[in-house]
Amino acid sequence: MHLLVPAVQDDLKGGRVSNAGIATAVAAWFDQNQDKVVGWRRHIHSHPELSNEEVETTEFLVNVLEEHGLKPVCFPGTGLYVDLGPTEGKRLAFRADIDALRVPEQTGLPFASVNPGVSHSCGHDVHTTVALGLACALSTIELEQGVRVIFQPAEEVMGGGALDVVKWGGLENVSAIYAVHAEPHIRVGEIGVRTGAITSASDVIRIEVQGPGGHTSRPQLTADVVYAIGALITQLPALLSRRVDPRTGTVLVFGHVNAGDAANAIPKVGVLEGTLRTADITTWREIEDLITDLIDLVVAPTGCTYHLDYIRGVPPVLNDDAATALAVQAARSVDPHSVVSAPQSSGGEDFSWYLEHVPGAMMRLGAWNGEGEPQDLHQGNLNVDERAIGVGVRLFGAIVEQYFRVGEVSPAPGRL
């Protein structure tokens, strides 16, 4: 157990903790309530709910927060936020995502999902518990500045629930925002950090190719839809690699193709679907026009026509330099050896939408117990080491202390 120095112990009894004692007070609260907090995680884990269906999860969070004397504010539908500290002035925010995935759980844990086909196989139950623990720990402290903890619905859907949270006023009076994401490839106790892009933009493209149809014995009399789709599958990613700087991490991969029903008939319609990812925000904002131009070049010689559905997803999470530096300082104040370099992920994360408005950073929360091969996210066998919860709560508490010490984080020039 972490011990409080006498001065902090005296302040904590009266609920008064100076900015310099917040991290110690949060850590002490977690040590005293660890079993209860882990129990929260297990309840959330066993009752996963899909995006925008997180009704029971929202009710559970409201009940726990109210039991700790807090007044949560529910969003329309699902999700909520809770404010701590002074009612006036700017606030430091933390975000947790509360939804689960349509993935059957295969862990065999005694608190495994009771909802068939749905599981917290992305670690959102851990993110939620860390944020909940922080809010309840801070409820015992008379804060000198404001904190907001956001429990966001629907991170796992295209576009993401973060857009709704912003629309609903979730970022009003927020000056900076932080989050963690469980990472099963990093050892528990370690915090993965990275400035700039830590995730990628993630868009979906759907190309419907059309032609008059015909017989495979007379391809010269028609426009061959299957041939056109084959050309797109091979040439479109190749052409893209020659038109976009490879340092942007831009990649197009097709995952679904469908055309025709008979071996001797050229179909009239075929469909090709895939994802387009990039770590560069400028490339993301301009790439739809480039994709359209390249499809024109590939399809035109075949005589076919096409219709493109370009579905915008999320921009990359661009961690602010100053916000990331503050998080590194906070993590090292808890454990000098905790900080490791996080690789840039090709996955998408809607936390990026918040960073379009305020500076902030997302960190990777180590979740691997060090035994066997590391697991992966979005897999039914994901089993997060529960010790990561305490690491996350202490990290967030240290960020609050560091932030209140230095004042507001200024966004990097030209970032927002």
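**First stop: the sheet**

Select the strands β1, β2, β4, β3, β5, β16, β6 and β15, which in that order make up an open sheet of eight strands with mixed pairing. Strands here are DSSP runs of E with at least two residues, helices are runs of H or I with at least four residues, and both are numbered from the N terminus. Two strands count as paired if DSSP finds at least two bridges between them. The edge strands are β1 (73-74) and β15 (339-341), each of which pairs on one side only.

This is a predicted model, in which local features need pLDDT of at least 70 and side-chain atom pairs count only at pLDDT 80 or more, while totals for chains, interfaces and linings use all residues. Residues are numbered from 1 along each chain as its sequence is written, and side-chain values use heavy atoms, with hydrogens and water left out.

Next, select strand β6 (residues 191-193), which runs parallel to β15 and is joined to it by three bridges. Within this pair, glycine 192 lies opposite valine 340 of β15.

**Second stop: the annotated site**

Which residues does UniProt place under "binding site"? The unreviewed entry lists Cys122, His124, Glu156, His181 and His378; such annotations may be inferred rather than shown by experiment. These residues are spread over 257 residues of sequence, yet they cluster in space, with a largest C-alpha distance of 13.1 Å. The lining of the largest pocket includes Cys122, His124, Glu156, His181 and His378. A pocket is an open set of points on a 1 Å grid over the protein atoms alone, where a 1.4 Å probe fits, with protein on both sides within 12 Å along at least five of seven lines; lining residues have an atom within 4 Å of a point.

Centre the view on cysteine 122, in the loop between β3 (91-97) and α4 (124-138). Is cysteine 122 buried or exposed? Cysteine 122 counts as buried because its relative accessibility is 6%; buried means under 20% relative accessible area, exposed over 50%, and partly exposed in between, with a 1.4 Å probe and protein chains only. Beyond its neighbours within four places in sequence, cysteine 122 has contacts (heavy atoms within 4.5 Å) that include Glu156, His181 and His378.

Move to glutamate 156, in the loop between β4 (146-152) and α5 (162-167). Glutamate 156 is partly exposed, at 22% relative accessibility. Then select histidine 378, in the loop between β16 and α10. Histidine 378 is partly exposed at 36% and has a positive phi of about 65 degrees, although it is not a glycine.

Finally, select Leu138, Phe151, Tyr178, Met363 and Ile399, the residues with the most contacts inside the largest nonpolar core, which has 67 residues. Helix α10 (residues 387-406) gives the most to this core, with ten residues. Such a core is a set of buried Ala, Val, Leu, Ile, Met, Phe, Trp, Tyr and Cys residues joined through side-chain atoms within 4.5 Å.
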